[in-house]
Amino acid sequence: MTALEDLEKLGARVREASQALEDLRQQRDQLIRDVRRSTDHTVPEIADAAGVSQATVKTVIRGVR
């Protein structure tokens with residue numbers, strides 16, 4: 001196998017991992033919205049549970065992301 005073939009395979013793996021990460025972020029963002037809508041949890045509590053900043057939670061709740 002040549003170095004170029006190795007690079008192509010690695011590039012494909014990176015693209016797959018990037019897509020998987022984006023899918024997980026979308027799921028997380030939906031859960032953030034669901035938790036905020038259906039509970040009395042605060043933004044700091046949600047941020048801690050999701051492992052993100054409070055600014056990220058606020059962005060998701062506002063629908064910017």
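Q: Helices here are DSSP runs of H or I with at least four residues, strands are E runs of at least two, and both are numbered from the N terminus. With that settled, at what angle do helix 2 and helix 3 pack?
A: About 105 degrees, with the two axes 8 Å apart. Helix 2 covers residues 43-50 and helix 3 covers residues 54-61. An axis is a line fitted to C-alpha atoms, for helices over the stretch in contact, and angles run from 0 to 180 degrees between N-to-C directions. Keep in mind that this is a predicted model, where local features need pLDDT of at least 70, side-chain atom pairs count only at pLDDT 80 or more, and totals for chains, interfaces and linings use all residues. Residues are numbered from 1 along each chain as its sequence is written, and side-chain values use heavy atoms, leaving out hydrogens and water.

Q: Why are helix 2 and helix 3 called roughly perpendicular?
A: Check the cut-offs: under 35 degrees is roughly parallel, over 145 roughly antiparallel, 65 to 115 roughly perpendicular, and the rest oblique. The angle for helix 2 and helix 3 is about 105 degrees, so the pair counts as roughly perpendicular.

Q: How do you know which residues of helix 2 and helix 3 meet?
A: You look for contact, meaning heavy atoms within 4.5 Å. On the helix 2 side that picks out Val43, Pro44, Ile46 and Ala47, and on the helix 3 side Gln54, Val57, Lys58 and Ile61. Sorted by class, this contact has six nonpolar residues, one polar and one charged. For the classes, Ala, Val, Leu, Ile, Met, Phe, Trp, Tyr, Cys and Pro are nonpolar, Asp, Glu, Lys and Arg are charged, and the others, Gly among them, are polar.

Q: What about helix 1 and helix 3: what makes them roughly perpendicular?
A: Their axes come within 9 Å and cross at roughly 80 degrees, so this pair gets the label roughly perpendicular too. Arg28, Asp29, Ile32, Arg33 and Arg36 in helix 1 touch Thr56, Val57, Val60 and Ile61 in helix 3. The class tally for this contact is four nonpolar, one polar and four charged residues.

Q: Why is Val57 called buried?
A: Buried means under 20% relative accessible area, exposed means over 50%, and partly exposed lies in between (1.4 Å probe, protein chains only). Val57 has a relative accessibility of 0%, so it counts as buried. Val57 sits in helix 3, and, leaving aside neighbours within four places in sequence, its contacts are Ile32, Val43, Ile46, Ala47 and Val52.

Q: How do you know that the buried residues of helix 3 line one face?
A: Those residues are Thr56, Val57 and Val60. Looking down the axis of helix 3, they fall within an arc of 100 degrees, so they line one face of the helix. The arc is that of the directions from the helix axis to the C-beta atoms. What they pack against is helix 1 (3-38) and helix 2.

Q: And what puts the buried residues of helix 2 on the same side?
A: In helix 2 the buried ones are Val43, Ile46 and Ala47. Their arc around the axis is only 100 degrees, which puts them on the same side of helix 2. Their cover includes helix 1 and helix 3. Turned away from that buried side, Asp48 and Ala49 are exposed.

Q: Why is Leu24 called exposed?
A: Leu24 has 52% relative accessibility, so it counts as exposed. You'll find Leu24 in helix 1.

Q: What makes Asp34 and Arg37 a salt bridge?
A: A salt bridge needs a side-chain nitrogen of Lys or Arg within 4 Å of a carboxyl oxygen of Asp or Glu. For Asp34 and Arg37, the closest N and O atoms are 2.9 Å apart. The two are three residues apart in helix 1, so about one helical turn separates them. Asp34 is partly exposed at 31%, while Arg37 is exposed at 60%.

Q: How many salt bridges does this rule give?
A: Two. Arg28 also forms one with Asp29, where the closest N and O atoms are 3.1 Å apart. Arg28, at 21%, counts as partly exposed, and Asp29, at 5%, is buried.
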